[in-house]
Amino acid sequence: MLKGGRLRFFRRYFLPRLAQYLLVTFIGINVAFFIPRLFPSDPVLETIGTIRSQGTYLDPATVDKFISDLRELYGLEGTIGEQYVDFWKRLFRGDFGISLFQFPEPVLSLIGKAIPWTVGLLLTSTFLSWLFGLVIGGIAGYYPNRLWVRALDAVSMLVRPLPYYIFAFILLIIFAYVVPWFPLGGGSSIGWRPELSFRFFADVIRHAFLPFISLTLLGTAAMYQMTKLVVQNINAEDFVQYAQLGGVKGRAIISKYVLRNAMLPLFTNLVLSLGQIFGGALITEIVFSYPGLGTLTYHAVVSGDYNLILGVTTISVVAVTTCIFLADLVYPLLDPRVRYR
Amino acid sequence: MNMRWRILGIAFLGITILTIPVFSQLAPSLPRSETLIVDQLTGRTGAPDNFNEWVGWKWRDRGMQQLMNEPLWSIDFATGEIINGLAATLPEYNGDFTQVTIRLREGVYWSDGVPITADDVVFTIELIKSTPGMNYQAPLESNVNKAYAVDEHTVVIELKQPNSRFHTYFLDRWGCLWIMPKHVFKTVTDPLTFQFNPPVSSGPYVLHSYDPSGYWTVWERREDWDRTPTGILFGMPKPKYVVFRAYGDPASKVLGMLRHELDSADLTAEALKAVLAQGRTVRAYQPSFPWVVNSDPCITGLTFNTMKPPYDNPEVRWALVLAIDIVNYESIAVDGMAPVSPLHIPYLPGYAALFFEPMEEWLKEFTLDLGGGETFKPYDPEVPFKLAELARSRGYAVPETPEDIKTAFGPGWWKYAPDVAEKLLTKNGFYRDEAGRWHLPDGSLWKIRVLGRSDLSHLSTRNSIAAAQLWKEFGIAAEAVLSVDFSSLGLTGEFEVTTDWPAFEPWGAGPDLYRTLSPFHSENVAPLGETTPGHVSRWSSPVMDQLIDQLETTDPTNVGATAAVGIESLKVLIQDMPSIPTFNYTGFVAWDEYYWTNWPGIENPYAQPYVHWGPFKYMLPFLNPTGR
């Protein structure tokens, strides 16, 4: 019986989702391959344009030769079909090729250098803002008329609509200029070579603090408002009213009745946010001059660096679809209704 | 409870206070009093591990072209003077320009102690010539027949055909073909992928450290700085360390300067005004409005696609010039802070005597034919005074004497004459509808998309916004289109009006305009849709071809003869106006005098004022530490 149930779950639940996951990933990667090639931007011409606009004298008589040499060097010769086949061959070997604009740096190496900064910053801030928003919003939703809840509502109403750039810049002015406790930007102090020491680690943490706080505060405010709304809706459900009338303690109602039911949409929100980490945090990186995937992707797009765009997008697509797939697998554990459907 | 909170509070405060001195902006090994911190113009380095600048684009303004390399020659645009670096003398051509001799300076060494000799020069030329994909490979292949060392300090290069400007490949104005250390590169199997890390320097500094994420690079003064051309020519560079620092946002640069964490920055107009207003130790290139560096050798403006109607018609192009109120235009683009230029070269102190003053009468007499026997003289020498008046009306202190006003705001520009523009357009079949909107001769609404860069702070973008606004006011459906594909669209001719350079910069501020003019030669014009090797306007003319050919056979060291051909060429450009020069490329440079003084401002321009140009190295021996 149990074995039959597992098989049924595997066939009816797992396999369709696995197929969906693989299909969406495949389509996403294909879109990432073709879309940049539809742009008018040409990585070779952008390189030439950069070199010329920065003042290097390119002898007009030899520009054509330089262009054809670069095309050969960048592997951009051949039809789109040939490039497409070549791309899949390389992808299965785990190779995205070389960055065209940051030639001859391999795309994986560039992504590899940026990922620790992005993941370190966004994983922590996303998870903590989710957790803080969940706990505080959950309690606030259950006790919506308390004074501290109204105060929090006011603060979140004030903070949430602020454009992120403005909010981040306000933090920078206050804590890096008016009260210069934190650095103006960068991932570590100038002249400090990466090393395994407490001082270097503390230096990195201190540089990450303002970007982290800016993301976490805004994230928490958003999560707080969402959780509070969801909890208030659940609060009005009959089973919660019944539990209250039955004398179940408030804390137990929040944790076992309300939050558990609110968990599904909030969990989905967390999973999607975690998946999107690999897109980077462009504005955070710009305001705080912080390293990461956001600026790497931005410069790839600006310079028409097909390979780098494809590398970052592929990783991002795989991360998002994998997270959704894993969430789908976890849903039955969280919600018996899904399990018994 | 209260006591516990109090203890916690005191502990937190203590940790904070103790922690702050430990984490300064600089690592403990870099004393601030000996460190100069400047910003990196092109932003964060994309390939921080790679110092092989002979291949592709390597963010060489991170200190490579300024401190790591000594070129054979470099040009100081503030003076127009060519400075002999690794070369001991100027290049020596034979009579028909088929052979050039380069004499090297004696007593200069690579940073690893190996002498720099003629072998390095010959090796560089041969390696690059034989390696497609390396920068300058194509010109070396098409020009060089043979390069050989006559002795340890003399190189002879035999050319395949006469070329009086061959040496300019080695003339550093914002990059050039630098000499590579033979003893390093001869062991390299693939010079295209070789990272040259750690690099060996010919310049006065060596690499100290860099951020693997590309935000900073630190250079340390060589112990044997006196065995480099910089040391020999100008003495010891004062800062022991020089940091190139990239910021993500111009506003952060302002905060950096105000915190004395950044000694020199290239800002936007708005950021420069902010930092001057707030920073008590901050100064600009000029002591009063317009503050900016007015000696930059580049000219900004608008470029027509002369292969696309109606921009293939010079009268239409001239009508668009006369529809521009340059005072208003400057105000929109750069808040009136840049010198205007009516010529396709910037208005520089050195160029005033060479080109602008000799051409002044011609400019005043230059006449447009409006048809029906009516003519119009478009030149307006009063423009600088109008710009000065505008600044004065805004409360800025501006120079008083006419000469100073011209130095600050330029010599003059073209009249704002919408009525004349209307006559020129009507003469060519254009007409206005009842709403005042202009229509093309075929009856369709006249729309102009003015292409600009996506970076809002770039002067190209500022030009596109100002032009679109003023042409719109004139009745044309004009809009600024800001695109990340700016270069691709320009090179393939997919635009109507773009804001790429209206003419290429001359070599620094030298009298030789060959670099400015040669892209206009008809042999460099490609059909629309193909990449054009020449100027993006795709304009050429038989007269200009003749003048360029004449310039090719003129000795570039003959200033009088070279400038004379230059003047005639500039006249042709004005008559046909394939692009509209508007104002000088303007450096919104700010210097903080908290740690370092004696910056090369307008009152003492001992060197060019930028930290991103190669000759920055020649500024360093003259900076003085304040001892703070």
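Which residue of β24(B) does B:Thr303 stand opposite? In this predicted model, B:Thr303 faces B:Ser579.

Strand β2 of chain B covers residues 73-76 and has both of its faces covered. In a regular strand, side chains alternate between the two faces of the sheet. On one side of β2(B) are B:Trp73 and B:Ile75, on the other B:Ser74 and B:Asp76, and all of these residues are buried.

β2(B) pairs with strand β3 of chain B (residues 81-84), to which it runs antiparallel, through 4 bridges. Within this pairing, B:Asp76 is set opposite B:Glu81 of β3(B). The hairpin formed by β2(B) and β3(B) has 4 residues between the strands, and B:Gly80 in this hairpin adopts a positive phi near 80 degrees. β2(B) also pairs with strand β8 of chain B (residues 171-172), here in the parallel sense and over 2 bridges. The residue of β8(B) that is the bridge partner of B:Ser74 is B:Asp172.

## Helix α9 of chain A

Helix α9 of chain A, residues 238-245, is hardly covered: of its 8 residues, the number buried is 0. Just after α9(A) comes A:Gly247, with a positive phi of about 85 degrees.

## Packing of helices α10 and α13 of chain A

Helix α10 (residues 250-275) and helix α13 (residues 306-334), both of chain A, pack with their axes 8 Å apart and at an angle of about 160 degrees. Because of that angle, α10(A) is roughly antiparallel to α13(A). The crossing of α10(A) past α13(A) is right-handed.

The α10(A) side of the contact consists of A:Met263, A:Leu264, A:Phe267, A:Thr268, A:Val271, A:Leu272, A:Leu274 and A:Gly275. These meet A:Ala319, A:Val320, A:Cys323, A:Ile324, A:Ala327 and A:Leu334 of α13(A). By class, the contact between α10(A) and α13(A) comprises 12 nonpolar and 2 polar residues, with no charged residues. An α-helix has 3.6 residues a turn, so residues three or four places apart point the same way.

Conventions:
Residues are numbered from 1 along each chain as its sequence is written. Chains are lettered from A and ligands numbered from 1 in the order in which they are written. This is a predicted model: local features need pLDDT of at least 70, side-chain atom pairs count only at pLDDT 80 or more; totals for chains, interfaces and linings use all residues. A residue is buried if 20 or more other C-beta atoms lie within 10 Å of its own, exposed if 12 or fewer, and partly exposed in between; C-beta atoms are placed from the backbone. Two strands pair if DSSP finds at least two bridges between them. Axes are lines fitted to C-alpha atoms, for helices over the stretch in contact, and angles run from 0 to 180 degrees between N-to-C directions. Angles under 35 degrees count as roughly parallel, over 145 as roughly antiparallel, 65 to 115 as roughly perpendicular and the rest as oblique. A crossing is left-handed if the near helix is turned anticlockwise from the far one by less than a right angle, and right-handed if clockwise. Two residues are in contact if their C-beta atoms, placed from the backbone, lie within 7 Å. Ala, Val, Leu, Ile, Met, Phe, Trp, Tyr, Cys and Pro count as nonpolar, Asp, Glu, Lys and Arg as charged, and the others, Gly among them, as polar.
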